[in-house]
Amino acid sequence: MTDDKDVWVFSEKPALQAELIAGAHQLSANTGGQVAAVVLGARSQAEQAFDLGAQRVLWLGELPSGRLVEDIVPTLVAAVQDKCPFGVIIGATVRGRAVAGRLAARLGVAALADVLEFQWDGSALLARHMVFGGGAVRIDRPLASPVIATIGQGIFETGSLQAQPKGEIEPLPWVEPPWQAAVIERRSRAVSSVNLSAAKRVVCPGRGVARQEDLGLIEELAQALSAEMACTRPLAEGLGWLPRERYIGISGAMIKPDLYLGVGVSGQAQHTIGMSESRVVVAINKDRGAPLMTQSDYAVEGDLYQVVPALIRALKARKAK
Ligand SMILES: Cc1cc2nc3c(=O)[nH]c(=O)nc-3n(C[C@H](O)[C@H](O)[C@H](O)COP(=O)(O)OP(=O)(O)OC[C@H]3O[C@@H](n4cnc5c(N)ncnc54)[C@H](O)[C@@H]3O)c2cc1C
C-alpha cells in the first residue's frame, strides 16, 4: 500500500514538529491524505505526536550513538521509496536543511527551501518560498513527487491543531549510512529558552547600538513595554552580544508580534523577512533612508541614545499615572 496522498513531517525539534504538522494539515486537506509525523527520539515522543495532531506516526527510534541527525537520510529514502508519500516537510534547522538536501538529491527531486505558504491552483500545488537568502520570494510548482520542502519556525500556527486518536506507531527500520562520518564529541552551549514566536511585543536592537553594555538601555525599553528582546543577526552571530536564539530573520526566528520595535536596525531583507508580518512596525534610526524606516508604520528619525531614554521616560510616566 502506498501513501501517495499523505504528507510526512520531520523535525528533530519537537516544538517545530508541531508547527509542521499544522502546515501539513493544510496540504493534506487538498491531497485527501493523512499527516504522518516522522519521529526521531524516544517512544514517548512518538506517542506524543498524536497529541500534536499527527494522524500517523513513523518512528525512527533514537539516534544511534555517534550519529548525526542527517544520518537518518538512508532510512528516510528507503521509507519514501517504499511508501511514496505526496510530500515530506522538514523543519528548516541547520540539521533539517542537511536532511532535506540529501533526501532530495538521493530521490532525484528538488528541495523547496524556506517555504512561506502552500497554495493550490486547481489540483496543482504552488509553493511560495524564499530564495537568495531571503532577498526574494519565488513561487514554484513542483513537478516531481515527493514534494520536499523546508519550513522555518513561526510560519504555521498551531492554535487550530487537534489531538488525534492514538494509533499504531510504525517503526522505520534503520538503514546504515554509507558515509563514514561519526560524532566523536559533543559540547553543549548555553541556550536561552526564549520563544520569540510567541511574543506579542518585540524590541529588536541592531548594529546602531554601539557597545554591548548599551544593551541595558534597550532591555530597559523592552521591560517598559513588557516586550521580549530580540536582535539582528550581527549582534548574535558576529558580535556574540546576545544568544543566537534571539535573532530574527531568514536564518533566525520568524515572528508575527503585535508590535515590533527596531532600534538601530537598517532593515535588510534577510532580517525583515522574519518580521514583516508584524501588526505594527516601529523603527528608530538616525538615517531616514534606512529600509526599515520606509517600511515601518511609525518611523522615528533620531539618535537612539536620545530617543530611547525619552521613550522609556514617557512609558514610565504613563504607567505611573
Ligand atoms: C545569507 C544571509 C543570511 C542572513 N540572515 C540574517 C538573518 O536571519 N537576520 C538578520 O538580522 N540578518 C541576517 N543577515 C544579515 C543582513 O544582511 C544584515 O547585514 C543585518 O540584518 C544588518 O543588521 P543591522 O540592521 O543590525 O545592522 P546595519 O545594517 O549595520 O544597520 C545599523 C543601522 O543602525 C543605524 N544607526 C547607527 N547608529 C545609530 C544611532 N545612534 N541611532 C539610531 N540609529 C543608528 C544605521 O543608520 C543603520 O541603519 C543575513 C545575511 C546573509 C548574507
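Select Ser11, Glu12, Lys13, Pro14, Gln17, Val38, Val39, Leu40, Gln45, Gln48, Ala49 and Leu52, the residues that line the largest cavity. A cavity here is a set of points, on a 1 Å grid over the protein atoms alone, where a 1.4 Å probe fits but cannot get out, and lining residues have an atom within 4 Å of a point. The model is a predicted one, in which local features need pLDDT of at least 70 and side-chain atom pairs count only at pLDDT 80 or more, while totals for chains, interfaces and linings use all residues. Residues are numbered from 1 along each chain as its sequence is written, and side-chain values use heavy atoms, with hydrogens and water left out.

Stay with this cavity and colour α1 (14–31), β2 (35–40) and α2 (43–51), each of which supplies at least two residues of its lining; helices (H or I, at least four residues) and strands (E, at least two) are DSSP runs, numbered from the N terminus. The largest cavity holds about 110 Å³ of space, a volume being the space filled by probe spheres set on grid points that are joined across faces, edges and corners. Its lining divides into 6 nonpolar, 4 polar and 2 charged residues, where Ala, Val, Leu, Ile, Met, Phe, Trp, Tyr, Cys and Pro count as nonpolar, Asp, Glu, Lys and Arg as charged, and the others, Gly among them, as polar.

Next, move to the ligand, which sits in the second largest pocket. A pocket is an open set of grid points with protein on both sides within 12 Å along at least five of seven lines, and a molecule sits in it if more than half of its atoms lie within 2 Å of its grid points. This pocket has a volume of about 290 Å³ and is lined by 18 residues, with Thr232, Arg233, Pro234, Gln268 and His271 nearest its centre. Both α6 and α7 supply at least two residues each to that lining, which comprises 5 nonpolar, 11 polar and 2 charged residues.

Now select the shell around the ligand: 26 residues surround it, the closest being Arg207, Thr232, Ile248, Ser266 and Asn285, and a residue is near if one of its heavy atoms lies within 4 Å. At least two shell residues come from each of α6 (233–238), α7 (269–272) and α9 (304–320). For polar contacts (pairs of N or O atoms within 3.5 Å), display the ligand oxygen that is 2.6 Å from an N or O atom in the side chain of Thr232, and then an oxygen 2.8 Å from an N or O atom in the side chain of Asn285. Taken alone the ligand exposes 990 Å², of which the protein buries 74%, with areas from the Shrake-Rupley method and a 1.4 Å probe.

Finish with two backbone features. In the loop between β8 (136–140) and β9 (147–151) lies Pro146, joined to Ser145 by a cis peptide bond with omega of about 5°. Cys84, in the loop between α3 (73–83) and β4 (87–91), has a positive phi of about 50° although it is not a glycine.

Technical notes
A polar contact is a pair of N or O atoms within 3.5 Å; within protein, one must be able to donate a hydrogen and the other to accept it, and residues adjacent in sequence count only if both atoms are side-chain atoms.
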